[in-house]
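The sequence and structure come first.

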Amino acid sequence: MIKRKIPAFDLHKICNSGQCFRMKPLGENRYGLTAFGEYLEMEQEGEVISFSCTGEEFSRRWEDYFDLYTDYEKMVHAVDQEDIYLTAAVRCGQGMRILRQELWEVIVSFIISQQNNIPRIRKCVESLCIQFGEEKEDFRGEKYYVFPTADVLARKNLEDFAICSLGYRAKYIWNTAKMVADGTVSLSKLTGMEYEAARTELMKLSGVGIKVAECICLFALHHVDAFPIDTHIRDMLTSHYPEGFPFERYQGYAGVLQQYAFYYELCGAE
DNA sequence: CACCAGGACGTTT
DNA sequence: AAACGTCATGGT
């Protein structure tokens, strides 16, 4: 158990921003997260966060995962002050981060996300982990389940996925798992690619179109210029930016602002 | 019972 | 190349 003082960091917003489906609230200001095969618990008291790991594990894994080296305030301050909407959105999302999540998990999670709502996406992802993921024990002896590998999913039969209630997405995931397992699409090559090359490569996968590819680029490969446009963002763009969103002004990090906007659309009223 | 949810895909205009 | 129907599932 370690404590760190981290300014401009809000676990509640990160948990509810719809980018990670394996982080869940445990109680007042407490959260649990499974990533990279490990289980982490966190508790936030103002700017001080407790993490259930050693300092060595924190600097080796979680600093990077939570993107602590990026200066978000700098991007927030660069927002056009005459832009009423964006100014309100970044204010609302104060403490947001773009996580650096695992590529395979994000690919599958966002295939599941299509025509689906966030609570049910969480259920589907958790179900996949419980059914097919490796079982481990956390620091207090409780069981948790790692996200299943592409190899494991590729070896299953399509009918095996029925228990996860994935609907028509099961076939997408199965086909995608086989493409990754047999090397048709290489995860390690994707990691080294530029944004647009990675996006094109990702769209070779079954069930991955432009929107899901952009999400994978943003939430796993950390191409923060990726700007996924879903139904909420599309509605937002037509109502607040009928003349077009100023992508040129925010070139290189527009995706971060997209995430503020997405959170604002979902939780702005709370 | 109708409608919707962080879309993708094959087919028809 | 743009519009259209379809694809399952669970929630409201």
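The model is predicted. One aromatic cluster is formed by Y85, F227, Y241, F245, F247, Y250, Y253 and Y264. By the ring-centre rule, the count of aromatic pairs comes to 20.

One of these pairs is F110 with F219: the ring centres are 5.4 Å apart and the planes lie at 25°, so the pair is stacked. Since F110 belongs to helix 5 (residues 103–112) and F219 to helix 11 (residues 210–219), the pair ties together parts that are 109 residues apart in sequence. F110 and F219 are both buried.

The buried residues are L103, W104, E105, V106, I107, V108, S109, F110, I111 and I112. Their cover includes helix 6 (118–132), helix 7 (150–155), helix 8 (169–181), helix 9 (187–191), helix 10 (195–202) and helix 11.

**Helix 4 against helix 13**

Two packed helices are described by the angle and the distance between their axes. For helix 4 (residues 84–92) and helix 13, the axes come within 8 Å and cross at roughly 80°. A crossing angle from 65 to 115 degrees counts as roughly perpendicular, and helix 4 and helix 13 are therefore roughly perpendicular to each other. On the helix 4 side, the contact is made by Y85, L86, A88, A89, V90 and C92; on the helix 13 side, by L257, Y260, A261, Y263, Y264 and E265. The residues of this contact divide into 11 nonpolar, no polar and 1 charged. Two of the contact residues, Y85 of helix 4 and Y264 of helix 13, are also listed in the aromatic cluster.

Beyond its neighbours within four places in sequence, Q258 is in contact with L218, F227, P228 and I233. Of these, F227 is also a member of the aromatic cluster.

**Charges over rings**

Two side chains place a charge over an aromatic ring, as listed below.

| Charged residue | Ring | Distance to ring centre |
|---|---|---|
| R61 | F36 | 4.0 Å |
| K178 | W174 | 3.4 Å |

In the R61 case, the charged end of the side chain sits over the ring of F36. K178 lies over the face of W174.

Methods: Residues numbered from 1 in each chain as written. Chains lettered and ligands numbered in written order. Predicted model: local features only at pLDDT ≥ 70, side-chain atom pairs only at ≥ 80, totals over all residues. Heavy atoms only, no water. Contact = heavy atoms within 4.5 Å. Axes fitted to C-alpha atoms, helices over the stretch in contact; angles between N-to-C directions. Helix = DSSP H or I, 4+ residues; strand = E, 2+ residues; numbered from the N terminus. Parallel < 35°, antiparallel > 145°, perpendicular 65-115°, else oblique. Nonpolar A, V, L, I, M, F, W, Y, C, P; charged D, E, K, R; others polar. Phe/Tyr/Trp six-rings, centres within 6.5 Å; stacked < 30°, edge-to-face > 60°. Buried < 20%, exposed > 50% of the residue type's maximum accessible area, 1.4 Å probe, protein only. Lys NZ or Arg CZ within 6 Å of the ring centre and 35° of its normal.
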